[in-house]
Amino acid sequence: MKRPGVRQVTWRAMRARRRELVRLCGWSLVESLPALLSGYLVARAVDKGFLAGHPLTGLAWLGALAVAVLVGATATDRTYRCLATVVEPFRDELARQVVRGALRDATRTGGHPDSAAVARLTHQMEIIRDTFAGLLMVTRGFLFSAGAALLGLLALAPVVAALAAAPLAAGLAVFLAALPAMVAHQRAYVRAGEQLGQSAATALAGHRDVLACGAQTRVTADVERRVSAQATAERTLARMAAIRSLSLGIGGWLPLVVLLSAAPWLVEHGLTAGAVLGALIYVSTGLQPALHTLVQGIGGGGLRYVVTLENILRTYPPIDDRRAERSVTRPPRSRPPTGPAPAIEVRDLTFRYGPRARPVLANFSLTLADGDHLAVVGPSGAGKSTLAALLAGLVPPQAGTVHLAGETVTGAEPAALARMRVLVPQEAYVFTGRLADNLRYLRPDADDRTLEAALDTLGARPLATRLGGLDAQITPALLSGGERQLIAAVRAWLAPAPLVILDEATCHLDPALEATVEDAFARRPGSLVVIAHRISSAIRARRLLVLDGDDPVTGTHEQLLARSATYRLLVGCWDAAAVPPRTAPVPRG
């Protein structure tokens, strides 16, 4: 499916606001009244007034011109108001497209948030807003101002209109012929700047590695090559300004030269002195400024508009087009049913953070039955959080498969993943707003009674009371890490997803409250995976998974004490005073 280009997107935006554009054109017509009447009224003031010996009559004609100028100034104010109703919604649509695209890229499998790219694109959206507004203003200004001036010239004398229109058309033709080359050079200039910035940022970020590897000469040469390419593109772009000057000379100044040269001949053939002066006014105050504004506006802001909008459309195309592209290569999301599907089924999973890095997980397999409770333990760096991210579909494996309730995780849409599982990371996300809105984030249909019950179940009632109840406005920066974790835990407990993954999600809670939270999740229908950071979390689980190098081990607490030296070491490192008495597994509802 072909992506919409700049022309299609711009045309679509203008068609969506036809009524506002009609109002803009209407006020532009009124605004062009001085351009239409200026030469004619000056000609009448000279011929019928001052040269005829009637200065009051001449002043009356000039007074009429002053009234026309006042009316045009009033209309100018209205045109800017109409312009805002066209431009601002277009900017808002692009902003929504960029934000949706950025969130989609950050939440897809293997995606990562790129705040720097979003910051650059939001800056580019402001460029698009300003240049789009400028294009509308210069284009409608040229059409109405130049059109009014030509009509005025026709009213004075058709032959004068022909003398002025011919070089104007020639100047426009020169400019339009060079416009595609200008766009190409502007595009090359922008891309050269982006490549230079990327090369310089990479070199600065890895300067220690560059020095350690002795690659200073090669990296410096690469940056110098980018600098030279950017300078060449800038010089080429500067040379294109000569073409704009040529266009202005032909279309803006040549009509004045032609009229002044033809003035004696025109007077000999009956054209009055006032008419000649009026024609010069039409050209100097109407045609020439209109052409100058058009050429400079399109040659400057117009080129930036095209190239910048192309960049946004290339980086964040519309969602429908992105979905169509992905649907071609999306892997199958489910497999033929062969009976009740386990909550988690991992087969031959391999993952590494670099092509030559040591695998964090190699040929790893795991099956977790529906309703089971698994705790994952291991030393720091063993891959616990990596496994959580793989199970949640946040990163794709290099080999192997992950199925949640029979559904393939790799390639699944974020909405589909949200229906399969809920992941609560160590850094809990809480947004500014009401406490109730935070709790309902994953279950919008939950009523207040359901929220109150969840608060009681997870031991969060004291926190809710201290904050001021469900309607209390909360600010994340004013909450402690434990308070944010508790709010996120209640939100996850309310979620309809059958699988909950707690990635050290209770590390800021005290042991008693942590036990309350984990017991609540243990009673919750569905399955539970806990990345444990305390021995108490491990003991509460029905099964444990110990990650330590190439030999993961599963079993119960007692089995692992007998079979795994790593687990015995971890138990010895944890605070023995925090170990609760061994109890029977909590029955699951």
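Me: Good. What kind of model is it?
Reply: It is a predicted model, in which local features need pLDDT of at least 70 and side-chain atom pairs count only at pLDDT 80 or more, while totals for chains, interfaces and linings use all residues. Residues are numbered from 1 along each chain as its sequence is written, and side-chain values use heavy atoms, with hydrogens and water left out.

Me: And what is the mean pLDDT?
Reply: The mean is 83, and 89% of the residues reach 70 or more. pLDDT is the predictor's confidence in each residue, from 0 to 100.

Me: Where does pLDDT stay under 50?
Reply: Over residues 321-335, where the model has 33 contacts beyond four places in sequence, and over residues 575-589, with 29 such contacts. Contact here means heavy atoms within 4.5 Å. Where pLDDT is low, the predicted coordinates should not be read in detail.

Me: Noted. How many helices and strands are there?
Reply: The protein has 20 helices and 12 strands. These are DSSP runs numbered from the N terminus, with helices (H or I) of at least four residues and strands (E) of at least two.

Me: What share of the residues is buried?
Reply: Of the 589 residues, 46% count as buried. Buried means under 20% relative accessible area, exposed is over 50%, and partly exposed is in between (1.4 Å probe, protein chains only).

Me: And the surface as a whole?
Reply: The accessible surface is about 29,100 Å², with 61% of it belonging to carbon and sulfur atoms. Those areas come from the Shrake-Rupley method with a 1.4 Å probe, and for residues only the protein chains shown count as cover.

Me: Let's look at a helix. Which residues of H1 are buried?
Reply: H1 covers residues 6-15, and Val6, Val9, Thr10 and Ala13 are buried there. Seen down the axis, the buried residues fall within an arc of 95°, so they line one face of the helix. The arc is that of the directions from the helix axis to the C-beta atoms.

Me: What's on the face turned away from that buried side?
Reply: The exposed residues Arg7 and Trp11 are there. As background, an α-helix has 3.6 residues a turn, so residues three or four places apart point the same way.

Me: New topic: Thr131. Buried or exposed?
Reply: Thr131 counts as buried because its relative accessibility is 7%. It is found in helix H5, residues 115-156.

Me: What does its side chain meet?
Reply: A polar atom of the Thr131 side chain lies 3.2 Å from the backbone oxygen of Ile128. Leaving out residues up to four places away in sequence, Thr131 touches Gly301, Arg304 and Tyr305.

Me: Now the sheet. What is the strand order?
Reply: It is an open sheet of four strands, in the order E2-E1-E4-E5, with antiparallel pairing. E2 (361-368) and E5 stand at the edges with a single partner strand each, so one side of each is left without a neighbour in the sheet. Two strands pair if DSSP finds at least two bridges between them.

Me: How many bridges join E1 to E4?
Reply: Five, between E1 (residues 344-351) and E4 (residues 399-404). Val346 in this sheet stands opposite Val402 in E4.

Me: And E4 with E5?
Reply: Two bridges join E4 to E5 (residues 407-408), again antiparallel. The bridge partner of His403 is Thr408, and that of Leu404 is Glu407.

Me: Which residue in that hairpin has a positive phi?
Reply: Ala405, with phi near 55°, in a hairpin that has two residues between the strands. Most residues other than glycine have a negative phi. Ala405 is partly exposed, because its relative accessibility is 47%.

Me: Where does Asp348 sit, and what is its phi?
Reply: Asp348 is in strand E1, and its phi is near 50°, also a positive value in a residue other than glycine. At 45% relative accessibility, Asp348 counts as partly exposed.

Conventions: A polar contact is a pair of N or O atoms within 3.5 Å; within protein, one must be able to donate a hydrogen and the other to accept it, and residues adjacent in sequence count only if both atoms are side-chain atoms.
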